[in-house]
Amino acid sequence: MQYTEIMVRYGELSTKGKNRRSFIDSLGHNVRKALHAFPALKVHANRDRLHIVLNGEDAQGVMERLRLVFGIQNFSPSIQVERDMDAVYQAAVEMVQAQYQPGMTFKVNTRRSDHHFEYDTNEINDMVGGQILDHVEGIKVQMKQPDIVIRVEVRLNGIFLSSETIQGAGGLPVGTAGKGMLMLSGGIDSPVAGYLGMKRGVDMEMVHFFSPPYTSEQALAKAKQLASTLASYSGSVQFIQVPFTEIQEEIKEKVPEGYLMTVQRRLMMRLMDAITRKRHGKAIFNGESLGQVASQTMDSMIAINDVTTLPVLRPVISMDKTEIIKVAEDIDTYDLSIMPFEDCCTIFAPPAPKTHPKLDRSRAYEERIDVEGLMQRALDGIQITEIKPGEDYLNAQADVFAELL
Ligand code: ATP
Ligand code: MG
């Protein structure tokens with residue numbers, strides 16, 4: 001089938017009243033960005049639908065990228081023919097033949113936006129259906145739940161035929177919710193949290209705390225690789241790496257063991273607050289799931305959230321681990337996440353962290369360290385990289401190791 005166009009149906013954004021235009025413009029922008037590797041195609045983001053005119057570009061390749069763009073309910077590859085019934089017959093028969101298996105049923109479903117066309121919808125249904133019956137041996141018409149539906153749309157600029165409907169990614173166009181900051185570890189949960197936030201329209205930047213030499217270059221590369229996987233949903237992401245070694249060492253020296261984890265998390269959260277404000281983000285996202293580990297109880301959240309007034313959003317808060325893993329597998333982050341590189345929290349984790357830390361004690365223990373100086377030095381050491389889909393950080397790392405050997 002030589003498709004000429006992909007017809008895209010909007011997702012939830014079609015209910016957004018007067019914001020509709022800006023949602024559609026954002027989606028158009030995101031679709032163009034996702035399809036920049038296909039220079040000949042043209043994207044028309046109209047009020048009711050978005051049309052991608054292929055101009056000879058490969059429909060399969062385009063549809064693979066399109067599946068990752070949030071704000072799309074579904075889409076159909078279609079063929080444009082002249083406003084001439086013989087051309088319609090030929091395309092319709094070909095479309096059925098491409099899918100037909102013995103015993104299948106079909107129907108034709110016509111819409112006209114041009115009401116001056118010489119035939120009405122019933123006539124077109126009958127005429128096209130008749131041709132299909134004549135040319136496809138053994139096929140039968142069925143009105144209720146046929147195996148194949150041929151949609152014919154008569155427009156002023158031509159007649160469009162389509163049959164397949166492919167599920168889109170759903171959600172809202174990335175960027176329409178504003179900017180957010182994801183705390184991205186190398187674990188399973190935070191990439192899923194990032195994906196879910198992006199799905200609701202958040203333009204997500206990724207912040208990763210690392211503690212060399214306690215954490216390896218590979219752990220950092222793994223976090224970047226995860227960021228690259230998530231970048232498939234937005235075109236690119238900013239990856240912000242924050243040196244955390246000095247803070248962890250100082251806390252380990254000065255804070256009682258039971259509060260090590262809580263005070264470390266307070267410092268992480270303080271840094272998140274500072275970075276988010278500086279970069280005009282509106283909220284902090286993390287991968288906490290209630291009750292999963294000691295730092296993820298409501299008491300811990302009270303003790304840690306204490307240092308910021310920004311919203312801390314936790315998309316996976318009420319998901320079971322198995323549910324989170326299912327999403328991680330679907331979005332291709334799971335295999336990366338389970339690679340065994342230690343991250344900074346694992347290494348400095350006390351054997352028995354308090355599951356119910358007290359707020360006043362958390363504050364008091366934190367006062368034993370030089371919060372301001374430590375934060376300033378961490379912020380001064382930040383490095384920011386723009387990460388795109390399909391980049392390879394893990395193997396680049398392997399090459400470096402190979403050279404060292
Ligand atoms: P994950 O699987 O996302 O690592 P987890 O179950 O291992 O989560 P924790 O290690 O307690 O839980 O981390 C809770 C959340 O804190 C993470 O989901 C992530 O958002 C954030 N976080 C933890 N470590 C880091 C890090 N090194 N850099 C950035 N954020 C982190
Ligand atoms: Mg973790």
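**Pockets, a ligand and a few backbone details**

Let me begin with the second largest pocket, whose volume is about 320 Å³. What I am showing is a predicted model, in which local features need pLDDT of at least 70 and side-chain atom pairs count only at pLDDT 80 or more, while totals for chains, interfaces and linings use all residues. Residues are numbered from 1 along each chain as its sequence is written, chains are lettered from A and ligands numbered from 1 in the order in which they are written, and side-chain values use heavy atoms, with hydrogens and water left out.

On a 1 Å grid over the protein atoms alone, a pocket is an open set of points with protein on both sides within 12 Å along at least five of seven lines, a cavity is a set of points where a 1.4 Å probe fits but cannot get out, and lining residues have an atom within 4 Å of a point. Grid points are joined across faces, edges and corners, and a volume is the space filled by probe spheres set on the points.

In this pocket the lining comprises 16 residues, with K33, A34, S232, G235 and P389 nearest the centre. Helix α1, residues 20-34, contributes the most, namely three residues; helices (H or I, at least four residues) and strands (E, at least two) are DSSP runs, numbered from the N terminus. The lining divides into eight nonpolar, five polar and three charged residues, where Ala, Val, Leu, Ile, Met, Phe, Trp, Tyr, Cys and Pro count as nonpolar, Asp, Glu, Lys and Arg as charged, and the others, Gly among them, as polar.

Now to the ligand. Which residues come closest to ligand 1? Of the 22 residues that surround it, the closest are M183, S185, D189, S190 and Q292, a residue being near if one of its heavy atoms lies within 4 Å. As for polar contacts, which are pairs of N or O atoms within 3.5 Å, an oxygen atom of the ligand is 2.5 Å from a side-chain N or O atom of S185, and a backbone N or O atom of M183 lies 2.7 Å from a ligand oxygen. For G287, a backbone N or O atom is 3.1 Å from an oxygen atom of ligand 1. The protein covers 91% of the 570 Å² of accessible area that the ligand has on its own, by the Shrake-Rupley method with a 1.4 Å probe. Strand β11 gives the most to this shell, with three residues, and by class the shell has nine nonpolar, nine polar and four charged residues.

The search of the whole structure finds one cavity of 30 Å³ or more, and the largest cavity holds about 40 Å³. Its lining consists of M7, S78, R151, V152, E153, F160, L161 and S162, with β7 (148-155) and β8 (158-162) each supplying at least two residues.

Turning to aromatic rings, those of Phe, Tyr and Trp (its six-membered ring) pair if their centres lie within 6.5 Å, with planes under 30 degrees apart counted as stacked, over 60 as edge-to-face and the rest as tilted. The count comes to six aromatic pairs. The ring centres of F70 and Y233 are 5.3 Å apart and their planes lie at 15°, so this pair is stacked. It links distant parts of the chain, 163 residues apart.

Finally, the backbone. The peptide bond from P212 to P213 is cis, with omega near 5°, and P213 sits in the loop between β11 and α6. Q145 has a positive phi of about 45° although it is not a glycine, and its place is the loop between β6 (140-141) and β7.

How values were computed
Polar contact = N/O pair within 3.5 Å; in protein donor to acceptor, adjacent residues only side chain to side chain.
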